[in-house]
Amino acid sequence: MTPEAISPFGERRYHAWNEHVKTRYGGRVQKVSVVAGFTCPNRDGLVGTGGCTFCNNASFTPGYLNRRQPIAEQIAAGLDFLQWRYPGTQRYIAYFQSYSNTYGEFERLRACYEEALAHPQISGLATGTRPDCLPDKVLDYLAALAREHIIELEIGVESCNDVALARELQRDPDAVLLLGEQDCTNLLADFIERLSPNILLQRVGSEVPPAQKLAPLWNLRLSELAPRLTAELARRGSWQGCRYRPGDPALR
Ligand code: SF4
């Protein structure tokens, strides 16, 4: 491949969820975070206690969100904020992000989801969970909802390491491998080149409030990461899936 090679995904060079959503729904689909009070097997003792080392729900819980409010009121507060931040957005979906949001008694799950869907400005759900918390009954229910609503299911496949990571880093900074900005960009590009071109990428990075962050201390805003990734792919003359091998089960 050469830098002049033509990307099937245009200038962005990867199969971006944002573009797909605009084409399919005619504009931005914005998530409105809600907290339904679920827990997860790594916290309630079923598998472990204390949660995964890296799990910090406070890092992505918006400041306007009051978890003691009913879901409908959380959505109203979220919409107040988001309509100001993203004016013109037509579609919103309720985002059950914290912990494992299909881990609970089925009727309770259903009540939470349906309370969100009953809001007149909510077009669907995004539900974060883990693969061992998805019984067929829940999957069938979500599939039925998907006939009339936007339904996103986020399945976190993460490692679990009970050793409290922050203390380890403070005790011995060499014990934890930290990527630099360019190393991370290179790794993302390597991965995306090998990823199936059929997979949509919703985001390539995330961030936590500075007060909650120990490392790495990059001089990079989150909004700069995706353009850097695109620039790296362009420099290589590559794009999502250009090195994809369908027989590799890890990347299907
Ligand atoms: S990352 Fe997921 S599985 Fe781990 S503690 Fe957090 S909610 Fe539980």
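A residue counts as partly exposed when its number of other C-beta atoms within 10 Å falls between the limit for buried, 20 or more, and the limit for exposed, 12 or fewer. R228 has 18 C-beta neighbours inside 10 Å and is therefore partly exposed. The model discussed here is predicted. Its strands 1 and 2 pair in the parallel sense, strands 2 and 3 likewise run parallel, and a ligand is surrounded by eleven residues.

**Strand pairing and crossovers**

- Strand 1, residues 29-34, is joined to strand 2 by six bridges in the parallel sense.
- Within this pairing, Y92 of strand 2 stands opposite Q30.
- Strand 3, residues 122-129, runs parallel to strand 2 and is connected to it by five bridges.
- A94 has L125 of strand 3 as its bridge partner.
- A right-handed β-α-β unit is also formed by strand 2, helix 3 (residues 106-117) and strand 3.
- Strand 2 itself, residues 91-96, is mostly covered, with five of its six residues buried.
- In a regular strand, side chains alternate between the two faces of the sheet.

**Nonpolar cores**

- The largest nonpolar core comprises 24 residues, and V34, I93, A94 and A116 have the most contacts inside it.
- At least two residues of this core come from each of strand 1, helix 2, strand 2, helix 3 and strand 3.
- The greatest contribution to this core is that of strand 2, which gives five residues.
- Leaving aside residues up to four places away in sequence, I93 touches V29, K31, I122, S123, G124, L125, A126 and I150.
- Another core, of nine residues, lies apart from the largest one and includes Y14, L188, L225 and L233.

**Ligand surroundings**

- Of the eleven residues that surround the ligand, the closest are C40, N42, G51, C52 and C55.
- The shell around the ligand is made up of four nonpolar, four polar and three charged residues.

- R228 is located in helix 7, residues 222-236.
- The C-alpha atoms of R228 and Q182 are 8.9 Å apart in space, while the two residues are 46 apart in sequence.
- P216 belongs to the loop between helix 6 (181-194) and helix 7.
- The peptide bond that leads from A215 to P216 is cis, and its omega is near -5°.

**Backbone exceptions**

- Most residues other than glycine have a negative phi, and most peptide bonds are trans.
- R13, which is not a glycine, has a positive phi of about 75°.
- The position of R13 is in the segment before helix 1 (17-25).
- R13 counts as buried because 24 C-beta neighbours lie inside 10 Å, the cut-off for that class being 20 or more.
- Y99 also has a positive value of phi, near 65°, and is a residue other than glycine.
- Y99 sits in the loop between strand 2 and helix 3.
- Y99 has 24 C-beta neighbours inside 10 Å and so counts as buried.

Note on methods:
Residues are numbered from 1 along each chain as its sequence is written. This is a predicted model: local features need pLDDT of at least 70, side-chain atom pairs count only at pLDDT 80 or more; totals for chains, interfaces and linings use all residues. A residue is near a molecule or strand if its C-beta atom, placed from the backbone, lies within 6 Å of it. Ala, Val, Leu, Ile, Met, Phe, Trp, Tyr, Cys and Pro count as nonpolar, Asp, Glu, Lys and Arg as charged, and the others, Gly among them, as polar. Helices (H or I, at least four residues) and strands (E, at least two) are DSSP runs, numbered from the N terminus. Two strands pair if DSSP finds at least two bridges between them. A crossover is right-handed if, with the strands pointing away from the viewer, the path from the first strand over the helix to the second runs clockwise. A nonpolar core is a set of buried Ala, Val, Leu, Ile, Met, Phe, Trp, Tyr and Cys residues joined through C-beta atoms within 7 Å. Two residues are in contact if their C-beta atoms, placed from the backbone, lie within 7 Å.
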